[in-house]
Amino acid sequence: MCANETQIESLMQEERLFRPSRKDQMKAHVKSMKEYKAYYKESMEDPEGFWARRAEELITWNKKWRKVLRWDFNDPKIEWFIGGKLNVSYNCLDRHLENGRRNKAALIWQGEPEEDVKVYTYQMLHTEVCRFANVLKKLGVKKGDRVSIYLPMIPELPIAMLACARIGAPHSIVFAGFSASSLESRIQDCKAKVLITADAVLRSGRTIPLKPNADQALKNCPTVEKCVVVKRAGNEINMEEGRDLWWHELMADESIKDTCEPEIMDAEDMLFILYTSGSTGKPKGVIHTTGGYLTYAAHTTQWVFDLKDDDVYWCTADIGWITGHTYIVYGPLALGGTSLMFEGVPTWPAPDRFWKIVEKFKVNIFYTAPTVIRALMREGVEWTQKHDLSTLRILGSVGEPINPEAWMWYHENIGKGKLPIVDTWWQTETGGILIAPLPYATPLKPGSATLPLPGVDAAIVRSDGTPAKKNEGGYLVVKRPWPGMLRGVFGDPERFKKQYFDRFPGMYESGDGARRDEDGYFWIMGRLDDVINVSGHRLGTAEIESALVSHPSVAEAAVVGMPHPVKGQTIYAYVTLKAGLEESDDLRAELRNHVRKIIGPIASPEYIQFAVGLPKTRSGKIMRRILRKIVAGETEDFGDTSTLADPSVIEDLIKGNKELTGNK
Ligand code: WT7
């Protein structure tokens, strides 16, 4: 298990229980445990009936489906709402123009500079999306063509996404913090026809050029015909004749119309690809489709966040991750909600930025990550007391297990001891939340994501696939499909099968470990595979290792997650150098920089330990278990080490670790 033992221990002792408050309960979408249980029962006994009803209640279909579900986890093949026709951008925009929401704020954008605020009503957003959809068409983008998007958190990002959805062109968003070479490999993998990017990213008061990364990436991306550039910062950039075009010039063109007929899509047509890390060196392109994904996004947004018409809802994630796709854009807009989008960071210009925004826009629902809570905890409660947070009614958490201390701080200082915290467990692959409390129904235990949502058949199994007992840790699996689940890995059906459906036949394997307590509550323990979670960002250790060994000085590298009080985990790399090379701090800095260049700043190792050798079995496999224990300071018992080729390396590694980190 990657979760460290003290963490599990503290979770084991957690006995506090918080019951839903009666205030707002009767107005909630799901009002009580009794209602939750009835829905859950129905969803297990008649899943097709349950999901057909939700799909009809929440989504406008151009043509109804012939069959709700066909699935086979062994093939694997999953199809929802077969034969159904719809358009996602129509559902997120057009239909709200006729149902009384035309002049309602769809998007409130707070830029990093305080005075940079933009509000788009549904009507305004519709016009922008239609215009950009027409721009894309003019650039030759057709239904089925992929469009890569590499943008900071500016309104053009959701506009571009919805424009792609409008014309049936799957988007592939690459987080703007990724490097040129990460962008390059993602564009190459999906063979995008167009790239949308910006001149720069504004971050913590600085202007960080972005376009040079795009230029670098596009040197090796022959499929990209045009590159659309948003002017965000106005910094000097290179515009390549014939390839690069300014967003504002394209949009100002008088021949571009304000309306664009939405392309009628099949329920199972691809909506987007989003790359995520796995246990191999190459990120995989997770495929989400149209009907099931949108139904699931709307359904979970409505039930888990109890989103209502007059709420201001704020999810602090970046749209470059799945959280932003589903819970900034598609879920809230499908419901006709008001979604707030913020360009900046929680601690700049001061650690009260988030609370200032809550007060400024009277935010009602606030969804963030444990790493943010822990970072703000450190700054002291006085920052939270400077602002009126009384409009808040629901708090959310996502990305990693929220430790009970952070939960209590969030509850007491932001929730003033009253607000429910929905700890939401899910993944890029799941499209939306699978395990979470319903805010006015589920009694809460700090640190537990509580219970599976209706329709989610989650379970814990042992390595042989048999069910784990109560409180026994095991593999978290899902035993039947839900509408938002991934449909494949782009261009790699083998990997889709191997990664998710091979180990436990007939079940979806999440890669996480968990246990279920006597009340059936889930306690997520973290990844069981070679994936680490740094500040809620998912990184494959193999990716970082291959970046390190691509440096001419490195012979071998092994990367593990080291427990970290704010980030959850931090990156720790063991590196052996090629013969005759000197260890030095300069080389350390160079290696860090190298990884930063190849993957991005989020992947740069905090610690690099130069080692003479790595603990390998006689067959040459690195025993990561040992490396993980060393960084966690658990050096008393390494378990069975009899297969190690050279057990003496362990002592050296422990010594090196102590020197580097001060681990006792
Ligand atoms: C991994 C998925 C889902 C959006 C953000 C991350 C971890 C996520 C929780 C939670 C414990 C969590 C898991 C999961 N994770 N939410 N509430 N409690 N762990 O998406 O990048 O695909 O990462 O994040 O380990 O497998 P992702």
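Author: This is a predicted model, in which local features need pLDDT of at least 70, side-chain atom pairs count only at pLDDT 80 or more, and totals for chains, interfaces and linings use all residues. Residues are numbered from 1 along each chain as its sequence is written.

Reader: In which helix does Val-549 lie?

Author: Helices are DSSP runs of H or I with at least four residues, strands are runs of E with at least two, and both are numbered from the N terminus. The run that holds Val-549 covers residues 541–549, and this is helix α17.

Reader: Is Val-549 buried, partly exposed or exposed?

Author: A residue is buried if 20 or more other C-beta atoms lie within 10 Å of its own, exposed if 12 or fewer, and partly exposed in between, with C-beta atoms placed from the backbone. Because Val-549 has 16 other C-beta atoms within 10 Å, Val-549 is partly exposed.

Reader: Which residues does His-551 touch, not counting residues up to four places away in sequence?

Author: His-551 lies in the loop between α17 and β28 (554–564). Two residues are in contact if their C-beta atoms, placed from the backbone, lie within 7 Å. Not counting residues up to four places away in sequence, His-551 touches Leu-591 and His-594.

Reader: What separates the centres of domain 1 and domain 2, taken over C-alpha atoms?

Author: The domain bounds, from an automatic or database domain assignment, are 22–515 for domain 1 and 531–661 for domain 2. Taken over C-alpha atoms, the separation of the two centres is 32 Å.
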